Amino acid sequence: MIIGLVVLLLLCPCLGLVGWGVWQVADDETSVAPPAPTAPAEPTGDPLPTVEPTPTEDEGDDFAKGDCVVNDGTDDDAELRKVPCGPNTYEVLLRIPATADGDRCEVLAPQATANYVHDNSVNLLDYVLCLKER
């Protein structure tokens, strides 16, 4: 019983720190201005579906609020690419980390016209982009 109590006392602060860290990341993601993107193209529709990432996709997934993107893939297999903002692009209104629930855009970014769900096998690396067609 004493061992169980010690384990519980060690586990609670650790879980609290993890929760606080996720909350801080979520707060930082919504207030960071993005860098300027490159090269235009046309989007293929909305909402964009859930896509299982490949290792090479993870390296370039640094989309942030204010970035503009286009879909070089299909509706079923979206491949987003940053581009300069302009007509026929999607602007990232909000990036919601640690979730694969695209419906959260309806509440957190009601002006969004589409969303992109990045569903990683590690749930902490999941994110949703709330997008608005320009």
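Predicted model: local features only at pLDDT ≥ 70, side-chain atom pairs only at ≥ 80, totals over all residues.
Does Cys105 count as buried or exposed, and what is its relative accessibility? At 4% relative accessibility, Cys105 counts as buried, because the cut-off for buried is under 20%.

**First stop: Cys105 and Cys130**

View the pair along the sulfur atoms: the angle about the S-S bond is -90°, and the link of Cys105 and Cys130 is left-handed. Next, colour helix H3 (residues 104-108), where Cys105 lies, and strand S6 (residues 127-133), which holds Cys130. The pair therefore ties together parts that are 25 residues apart in sequence. Cys130 is buried too, with a relative accessible area of 0%.

**Second stop: Cys68 and Cys85**

Select Cys68 and Cys85, which are joined by a disulfide with S to S 2.0 Å. The torsion about this S-S bond is about 100°, so the disulfide of Cys68 and Cys85 is right-handed. Cys68 belongs to strand S2 (residues 68-71), whereas Cys85 is found in the loop between strand S3 (80-83) and strand S4 (90-97). The two cysteines are 17 residues apart, and the pair links distant parts of the chain.

Now display the surface over this pair. Cys68 has 0% relative accessibility and so counts as buried, whereas Cys85, at 38%, counts as partly exposed.

**Last stop: the pairing pattern**

Finally, select the bonded cysteines together. Counted along the chain, they follow the disulfide pattern 1-2, 3-4.

Definitions and conventions: Residues numbered from 1 in each chain as written. Heavy atoms only, no water. Disulfide = S-S within 2.5 Å. Helix = DSSP H or I, 4+ residues; strand = E, 2+ residues; numbered from the N terminus. Buried < 20%, exposed > 50% of the residue type's maximum accessible area, 1.4 Å probe, protein only.
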